[in-house]
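Open the model in your viewer and keep the sequence panel beside it. Each stop below says what to select and what is there.

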Amino acid sequence: KGKVIVTTTLGDIDVELWPKEAPKACRNFLQLCMEGYYDNNIFHRVIPKFMAQTGDPTGTGTGGESIWGDTFEDEIHSR
């Protein structure tokens, strides 16, 4: 397991990683974090008391790419 702390203007968010269950997603997320990819991204979708979505440098929810330059298959796990 691993953990990343995402610092926002409203406080920190603890993100728990599951590299055994989703190795590509974890690797992609960590690499993009280290490259500063997520720095200053806005939360482009917020549903109060449910979720907040960010990570798209275009701010629309439709952009961005993986470290491999393309999408990668979903890593479905029974956990």
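Predicted model: local features only at pLDDT ≥ 70, side-chain atom pairs only at ≥ 80, totals over all residues.

For sorting residues, Ala, Val, Leu, Ile, Met, Phe, Trp, Tyr, Cys and Pro count as nonpolar; Asp, Glu, Lys and Arg count as charged; the others, Gly among them, count as polar.

Residues are numbered from 1 along each chain as its sequence is written, and side-chain values use heavy atoms, with hydrogens and water left out.

**Stop 1: the whole chain**

Show everything as a cartoon. The protein has one helix and four strands. Helices (H or I, at least four residues) and strands (E, at least two) are DSSP runs, numbered from the N terminus. Read from the N terminus, the order is β-β-α-β-β. The C-alpha trace spans about 30 × 25 × 25 Å along its principal axes.

The protein exposes about 6,300 Å², and carbon and sulfur atoms supply 53% of it. Accessible areas come from the Shrake-Rupley method with a 1.4 Å probe; for residues, only the protein chains shown count as cover. Of the 79 residues, 16% count as buried. Buried means under 20% relative accessible area, exposed means over 50%, and partly exposed lies in between (1.4 Å probe, protein chains only).

A contact means heavy atoms within 4.5 Å.

**Stop 2**

Select β1 (2–8) and β2 (11–17). They form a hairpin with two residues between them. The two strands pair in the antiparallel sense over seven bridges. Strands pair if DSSP finds at least two bridges between them.

Go to Thr8. Its bridge partner in β2 is Gly11. Then pick Gly2, which stands opposite Leu17 in β2.

Next select Asp14, in strand β2. Not counting residues up to four places away in sequence, Asp14 touches Lys3, Val4 and Ile5.

**Stop 3**

Is Asn28 buried or exposed? Asn28 is buried, because its relative accessible area is 10%. Beyond its neighbours within four places in sequence, Asn28 is in contact with Ser66, Ile67, Trp68 and Phe72.

Draw one more distance, from Asn28 to Lys49. Their C-alpha atoms are separated by 27 Å, and the two residues are 21 apart along the chain.

**Stop 4: the loops**

Lys49 is in the loop between β3 and β4. Lys49 counts as exposed because its relative accessible area is 90%. Its phi is near 60°, a positive value in a residue other than glycine.

Move to the loop between α1 and β3, and select Asn40. Phi of Asn40 is near 65°, again positive in a residue other than glycine. Asn40 is exposed, because its relative accessibility is 78%.

Asn41 is in the loop between α1 and β3 (45–47). Asn41 counts as buried, because its relative accessibility is 18%. Leaving aside neighbours within four places in sequence, Asn41 is in contact with Thr54, Gly55, Asp56 and Pro57.

**Stop 5: the largest pocket**

Rolling a probe the size of a water molecule over the atoms shows where empty space is left. On a 1 Å grid over the protein atoms alone, a cavity is a set of points where a 1.4 Å probe fits but cannot get out, and a pocket is an open set with protein on both sides within 12 Å along at least five of seven lines; lining residues have an atom within 4 Å of a point.

Select Phe29, Tyr38, Thr54, Gly55 and Asp56. Among the 33 lining residues of the largest pocket, these lie nearest its centre. The largest share, five residues, comes from α1. Colour the lining by type: 13 residues are nonpolar, 16 polar and four charged.
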